[in-house]
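Work through the exercises below with the sequence and the model at hand. Each task is followed by a stepwise solution.

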Amino acid sequence: MVGEKMRGGELSAGAIRVTPTAVSPVSRASREIAIARWGWRDWVADLVVSLIRYATRLGYRAASRRNVNRAWAWDRFNPVPYFKHNYATLRKDDRQILMHVRDFFTAHFDGESIQDIKRRRLHGLDIGSGSNLYPALTMLPFCDKITLRDYSPRNVRWMRNEVRQPHRSWKSFWRVLAKSEPYGRLPGGFAQALRTRAVTQHGSIFELHKNHWDIGTMFFVAESLTMERREFDVAVTRFVESLRDGAPFACAFMRNSSGYRVDVRDFPAVAIDELDVQTCLDKVADKVHVHLIELKNSGTPLRDGYGGMIVATGLRRKFSPLK
Ligand SMILES: C[S@@+](CC[C@H](N)C(=O)[O-])C[C@H]1O[C@@H](n2cnc3c(N)ncnc32)[C@H](O)[C@@H]1O
């Protein structure tokens, strides 16, 4: 599966971008031609060039507005085909991500008994859940409560049913997790724990409260909700800052994605790579570990227009008043 795990759409990161021009050589040449050939006065030529520049800027702003997160029709994101395409069976790349995150959370809580962890009543967050249950499954043994939050009301409705009656395919995801003790020993298995611990919520990553959750996951979200690089950075930062000091987190990203299609609709992406993820997380987190799952190790590619998957883990940086 892939964040914007779906078959490649026709979008490309630059497809609807218009670059604003200062006085370009073309406008300057046209101005000279207009003066020479049609005898325009200087001020008329200047006025026409200014009007063209103004219209170009308006076009640029309009195009930019179309690229941002809130401009996309998230309620048209259809969770059913998205689930079928990505999670109806366990893919090779998802298996690797599961193992990676399982080992990270297990090591983080190593030395604490499940009873001790339970007493701490940890509250987990999975942001941008879509129709993917496995990020929440990776947090299940450690949490008293897990909030699954998505911006799309349609995804929230889908997830509300899913946590009550999970599809059979999640069993193969759970089997990978259950090889590690905290998961394997979960009383009643994952379905019962999900029913009692998971809550769904409508909301945006950009409106998360700071210092709230004790553990978090964000899978294929920050790079798959916008075409604006700045929004990717803000989304990653907001996610990590929504966790308490020292809280462990795991996130996954599509590498160099050019956008994706769900059913008949295109959705946006920002093309990012391992270095972008590392740089962005290093600003707000400690012990950041970034791992690339290359396409050649991913099994059948999920779609065109991406270059593997990235999984990252770390700890929310402890607040230091001296910094
Ligand atoms: C590519 S899907 C990833 C879904 C899922 N996490 C997965 O691993 O497959 C991107 C998800 O981000 C959600 N999303 C888009 N904008 C968001 C926002 N501002 N806040 C939270 N979620 C958002 C979409 O509704 C969608 O579920």
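**Exercise 1: the ligand shell**

The shell around the ligand holds 11 nonpolar, 11 polar and three charged residues. Here Ala, Val, Leu, Ile, Met, Phe, Trp, Tyr, Cys and Pro count as nonpolar, Asp, Glu, Lys and Arg as charged, and the others, Gly among them, as polar. The model is predicted: local features need pLDDT of at least 70 and side-chain atom pairs pLDDT 80 or more, while totals for chains, interfaces and linings use all residues. Residues are numbered from 1 along each chain as its sequence is written.

Task: state which of the 25 residues around the ligand come nearest.

Solution. A residue belongs to the shell if its C-beta atom, placed from the backbone, lies within 6 Å of the molecule. Of the 25, the nearest are G128, G130, N132, Y151 and F219.

**Exercise 2: positive phi**

Task: decide whether F220 is buried or exposed.

Solution. Most residues other than glycine have a negative phi. F220, not a glycine, has a positive phi of about 55°. F220 sits in the loop between strand 4 (215-219) and helix 11 (229-241); helices (H or I, at least four residues) and strands (E, at least two) are DSSP runs, numbered from the N terminus. A residue is buried if 20 or more other C-beta atoms, placed from the backbone, lie within 10 Å of its own, exposed if 12 or fewer, and partly exposed in between. F220 has 26 such atoms within 10 Å, so F220 is buried.
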